[in-house]
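Here is a short tour of one protein chain, written for someone who is just starting out. Take a look at the sequence and the structure first, then read on.

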Amino acid sequence: MRNAFRLHHYRQQFLTAAKNPQLVGPLGAILGKSLRLYGSQVFAKPARVGTVVPAHQDMPYWPFEPYEMVSAWIALDDSTIENGCVRYFAGSHKLGMLPHAPSGVTGNSLALVEDERVTALEECPVEVRRGSCILHHSLTVHRSEPNRSGHPRRCLVYIYMAE
């Protein structure tokens with residue numbers, strides 16, 4: 001299994017975790033005290049398996065405005081350059097919604113249409129330890145490489161929006 005979606009609808013443990021004060025406290029400071037959980041998902045890159053996740057923004061997957069959503073990416077395994085950690089393009093959220101096209105990559109249907117403004121930005125691979133959480137805005141351009149290591153790279157993602 002590579003992806004699973006809407007987990008909080010099927011298991012109480014996922015909904016309970018999504019309400020953890022250590023998670024929703026900082027998110028409330030960003031989005032406002034009244035948060036709404038939009039989605040939950042698991043992404044898995046098994047050892048020595050996986051594909052490139054093309055550069056993309058999350059917002060094009062969600063058909064509404066305003067563009068005020070934040071993803072909380074929780075590492076279930078150590079996430080390293082070797083096993084395909086997420087790579088963010090610094091400041092890309094300030095560019096607004098960018099054009100996307102079908103990616104041709106199974107499980108990752110959209111890819112950013114090449115844009116000089118994005119390629120000019122610094123790409124930052126973010127390595128995180130298991131149990132750590134990184135946050136990104138729904139307009140932040142990000143991508144990842146395949147898992148070339150002997151260790152899995154799994155994460156649990158919660159998407160929040162202002163009420």
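**A buried tyrosine to start with**

Y160 has a relative accessibility of 2%, so Y160 counts as buried; buried means under 20% relative accessible area, exposed means over 50%, and partly exposed is in between (1.4 Å probe, protein chains only). Please keep in mind that this is a predicted model, in which local features need pLDDT of at least 70 and side-chain atom pairs count only at pLDDT 80 or more, while totals for chains, interfaces and linings use all residues. Residues are numbered from 1 along each chain as its sequence is written, and side-chain values use heavy atoms, with hydrogens and water left out.

**The chain as a whole**

- The protein chain has 3 helices and 11 strands; helices (H or I, at least four residues) and strands (E, at least two) are DSSP runs, numbered from the N terminus.
- A compact globule of 163 residues would have a radius of gyration near 15 Å, and the protein chain agrees, with 15 Å. This radius is taken over C-alpha atoms, and the globule rule is 2.2 Å times the number of residues to the power 0.38.
- Taken along the principal axes, the box filled by the C-alpha atoms is roughly 35 × 35 × 25 Å.
- Of the 163 residues, 42% count as buried.
- The accessible surface of the protein chain is about 8,900 Å², and 54% of that surface belongs to carbon and sulfur atoms. Accessible areas come from the Shrake-Rupley method with a 1.4 Å probe, and for residues only the protein chains shown count as cover.
- Among contacts with a separation of 6 or more, 85% are between residues 24 or more positions apart; contact means heavy atoms within 4.5 Å.

**Aromatic rings**

- How many aromatic pairs does the structure hold? There are 3 aromatic pairs; rings of Phe, Tyr and Trp (its six-membered ring) pair if their centres lie within 6.5 Å, and planes under 30 degrees apart count as stacked, over 60 as edge-to-face and the rest as tilted.
- Y38 and W62 make an edge-to-face pair, with 5.5 Å from centre to centre and 70° between the planes.
- This pair links distant parts of the chain, 24 residues apart: Y38 sits in strand β2 (residues 35-45), and W62 in the loop between β3 (53-56) and β4 (69-75).
- Y38 is partly exposed, with a relative accessible area of 34%, whereas W62 is buried, at 11%.
- Y158 and Y160 form a tilted pair, with 6.3 Å between the centres and 55° between the planes. Y158 has 0% relative accessibility and counts as buried.
- Ring pairs also join Y38, W62 and F64 into a cluster.

**Cysteines**

- A disulfide is a covalent bond between the sulfur atoms of two cysteines. Here a disulfide is a pair of cysteine sulfur atoms within 2.5 Å, and the count by this rule is 0 disulfides.
- C85 is in no disulfide, and its nearest cysteine sulfur, that of C124, is 11 Å away. C85 is buried, at 0% relative accessibility.
- C133 is in no disulfide either, with the sulfur of C155 as its nearest cysteine sulfur, 10 Å away. Is C133 buried or partly exposed? C133 counts as partly exposed, at 35% relative accessibility.

**R143 and its partners**

- R143 lies in strand β10 (residues 142-144) and counts as buried, at 18% relative accessibility.
- Its side chain makes a polar contact of 2.6 Å with the side chain of E123 and another of 2.5 Å with that of E145. A polar contact is a pair of N or O atoms within 3.5 Å; within protein, one must be able to donate a hydrogen and the other to accept it, and residues adjacent in sequence count only if both atoms are side-chain atoms.
- Not counting residues up to four places away in sequence, R143 touches V53, P54, A55, C85, V86, R87, F89 and E123.

**Two loop residues**

- S79 is found in the loop between β4 and β5 (86-89) and is buried, at 1% relative accessibility.
- Leaving aside neighbours within four places in sequence, S79 is in contact with residues including W73, C85, V86 and R153.
- G107 lies in the loop between β6 (100-105) and β7 (108-112) and counts as partly exposed, at 47% relative accessibility.
- The C-alpha atoms of G107 and W73 are separated by 18 Å, and the two residues are 34 residues apart along the chain.
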